[in-house]
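Please read them with the coordinates open.

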Amino acid sequence: MRSSQLFGKTLRQAPADAENISHQLLTRAGFIQQIAAGIFSLQPLGNRSITKIRDIIRDEMDRAGGQEVNMPVVQPRDLWEESGRAETFVPPLASFKDRRERQMVIAPTHEETATAMARASVTSYRDLPFTIYQIQTKFRDETRPRGGLLRVREFEMKDAYSFDADEEGMDRSFQSMIGAYRRIFKRCGLDVVMVEADSGGIGGKDSNEFVLLTESGEDIILMSDESDYAANVEKAAFTKKSFPIGELGEVEEFATPGVKTIDELARQEGVSRSKTAKAVFYTVDGEVVVVTIRGDYDVNETKLRNLLGGSEPRLSTPEEVKAVGLVAGSASAVGLKGIRSVVDDSITMGSNYLAGANKEGFHLRNVNIDRDFKADILGDIAEAKKGYPSPDGKGKLVARRGIEVGHVFKLGNVYSSKMGAEYTDEDGQQNQILMGCYGIGVGRLLAAAVEANHDDSGMVLPRAIAPYDVYLAGLNLNDPDIAGKAEMLYESLQNAGYEVLFDDRDAPPGVKFKDADLMGIPARVVISSRSIENGGVEVKARAEKESVVVAETDTLEAVRKVLS
RNA sequence: CGGGGUGUAGCGCAGUGGUAGCGCACCCGCUUUGGGAGCGGGGGGCCCCGAGUUCGAAUCUCGGCACCCCGACCA
């Protein structure tokens, strides 16, 4: 490609509303163009990079035994009624009515469609296992798209779905996809970590995210400083501090005028926060529930949601708290009737707590679970924080930010049970198909790669995903001799199999160098009157400062070295 | 969905009541060729939209829309 013919222009300044580095660079280099919030067009350079990423993904999916399919973007809402996600999918499904007044949705993901596909053609265990995938556009009507390509509404996603007869098979498929994912990210030049994650709106039990650790990420990852434990904060566990359980004391009420918080309570009584039982109120599906957790920990709402069965909890409003007869600041689960009680297991790792008396200005001493209040649900709802002991007993947790570039889920029978995807086993029995699903955001992967690989001058892309391999800058092209040599180089580089962007513009050298750097093309070749005086052409790696001068006849070899 | 901010030329910005300007980009000419060159000339704007106030609105008022950021939520 000749720069003089290339569609798309580089910008000296990024649009003011591009705050994110990848957004700025991708825009300035002419890779992408924003059309609306979270909706982008790809220009030729961006499209070339995306195509390369897509090809890598396809290659690894096929290698892992995946079969490519294509499912519809627009689907009848009925399909989503079957799985129950017509109501529960957050962000809301984008939908519209077709000309026959039928409700249609724009697919944000394809578990339903994939399950329907399997259901239609699987009848026997002999039909299993298999994995299908597609690379295709999704639409999710996000409340807040952000960061250029990092979080968008319309995006291309590689989504894969595995179907197995039993748990062992599902695990095998799952592991096989994990292997493919690791190879994909490696080939794209990304150093990602796999972390435990919450499965959110997709469902299923186990899920893992692939995360690029970088400060610009929006996810918080907690990882052990001594072991390979790593998890998204939504999911992260830790070893809770345990205290010896002494003799249970008598409950006694005492005055705490003006005390509204755990800190104030602990200070007044001269004890650590771990001696207090904190009560927090959440409203779930219109019902107020009381959540009790030891005073030294905070509630993780994702864990709470999962314990409560999947509905989204939110902090109750003061009005709601009042309406059920509770006193904010002096509340506890003690003596409460008709209100569901959720208790963090940290409460069982100690005794004789200070807790609210459910009476303005009073608290209780020696409050103990079971004797003084009950737990309808007991489990782990504590938020892990940096410095806490790793749950595997090895080391402390440290917090890092990261970008989620891939997510894999063990779905089990979540969809097959609801949608009736079954097969007949060797014994003639009907069984539900066990599924897994696996997603990679293609555009986000490019943005993440830029976040991870740039310097002050622009992107520094790995060859595998750069739009071109070589940036050939011809200077002094008014000189027919140099122009001729540049043309010959252009030819020979292409004949050698390189993808070359030939800057043949009548522009000053600085302009060409700036553009080459901005676009992040891994190898740069310069031919000019000066390079010829110096003995040939200059070859430089984008990631290196210094160039080397080689004889024209050695150009291919020098380029090969730079790109290897 | 809450809070904050911004909408003026392709991009970055100035313009506090008298009908719009600067830098870059763009076009023409000459000059120039090692890190976004120089000189001269030129083109381009429903000043986000609508209503109002005013003799007169980019500017003031009201309403709307769009976009960005923080949070909530989210793969």
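1. Phe96 sits in strand 5, residues 94-97; here and below, helices (H or I, at least four residues) and strands (E, at least two) are DSSP runs numbered from the N terminus. Phe96 counts as partly exposed because its relative accessibility is 35%. The cut-offs are under 20% relative accessible area for buried, over 50% for exposed, and partly exposed in between, with a 1.4 Å probe and protein chains only. With Val73 and Val74, Phe96 forms a nonpolar surface patch whose accessible area is about 200 Å² together. Patches take residues with over 30% relative accessible area and no salt bridge, joining like charges within 9 Å and nonpolar side chains (Val, Leu, Ile, Met, Phe, Trp, Tyr) within 5 Å. Accessible areas come from the Shrake-Rupley method with a 1.4 Å probe, and for residues only the protein chains shown count as cover.

2. On conventions: this is a predicted model, in which local features need pLDDT of at least 70 and side-chain atom pairs count only at pLDDT 80 or more, while totals for chains, interfaces and linings use all residues. Residues are numbered from 1 along each chain as its sequence is written, chains are lettered from A and ligands numbered from 1 in the order in which they are written, and side-chain values use heavy atoms, leaving out hydrogens and water.

3. RNA strand B has 55 residues around it, and Arg12, Arg151, Gly201, Asn476 and Ser528 come nearest. A residue is near the strand if one of its heavy atoms lies within 4 Å of it. The residues of this surface divide into 20 nonpolar, 13 polar and 22 charged. In that division Ala, Val, Leu, Ile, Met, Phe, Trp, Tyr, Cys and Pro count as nonpolar, Asp, Glu, Lys and Arg as charged, and the others, Gly among them, as polar.

4. Asp17 places a polar side-chain atom 3.1 Å from a sugar or linking oxygen of RNA strand B. For Arg140, a polar side-chain atom lies 3.0 Å from a base nitrogen of RNA strand B. Ser531 instead uses a backbone N or O atom, 3.2 Å from a base oxygen of RNA strand B. Elements giving two or more residues to the surface near the strand are strand 1 (32-36), helix 8 (301-307), strand 21 (397-412), helix 13 (509-519) and helix 14 (529-533). Which element gives the most? Helix 13 does, with eight residues.

5. The structure holds 49 salt bridges, each a side-chain nitrogen of Lys or Arg within 4 Å of a carboxyl oxygen of Asp or Glu. In one of them, the closest N and O atoms of Glu499 and Lys52 are 2.6 Å apart. This pair links distant parts of the chain, 447 residues apart: Glu499 is in the loop between helix 12 (480-495) and strand 28 (500-503), and Lys52 is in helix 2. Glu499 is partly exposed at 29% relative accessible area, while Lys52 is buried at 14%.

6. Asp469 and Arg463 also meet in a salt bridge, at 3.1 Å from N to O. Asp469 is buried, with a relative accessible area of 5%, and Arg463 is partly exposed, with 34%. Elsewhere, salt bridges that share partners join Asp59, Glu60, Arg63, Arg183 and Arg187 into one network.

7. Some backbone geometry deserves a look. Most residues other than glycine have a negative phi, and most peptide bonds are trans. The Leu128 to Pro129 bond is cis, with omega near -5°; Pro129 lies in the loop between helix 5 (111-121) and strand 7 (130-139). Glu101, not a glycine, has a positive phi of about 70°, and is exposed at 56% relative accessibility. Asp370 has phi near 75° and lies in the loop between strand 19 (362-367) and strand 20 (377-379); Asp370 is exposed, with a relative accessible area of 65%.

8. Helix 11 (residues 442-452) is mostly covered, with nine of its 11 residues buried.

Technical notes: Polar contact = N/O pair within 3.5 Å; in protein donor to acceptor, adjacent residues only side chain to side chain.
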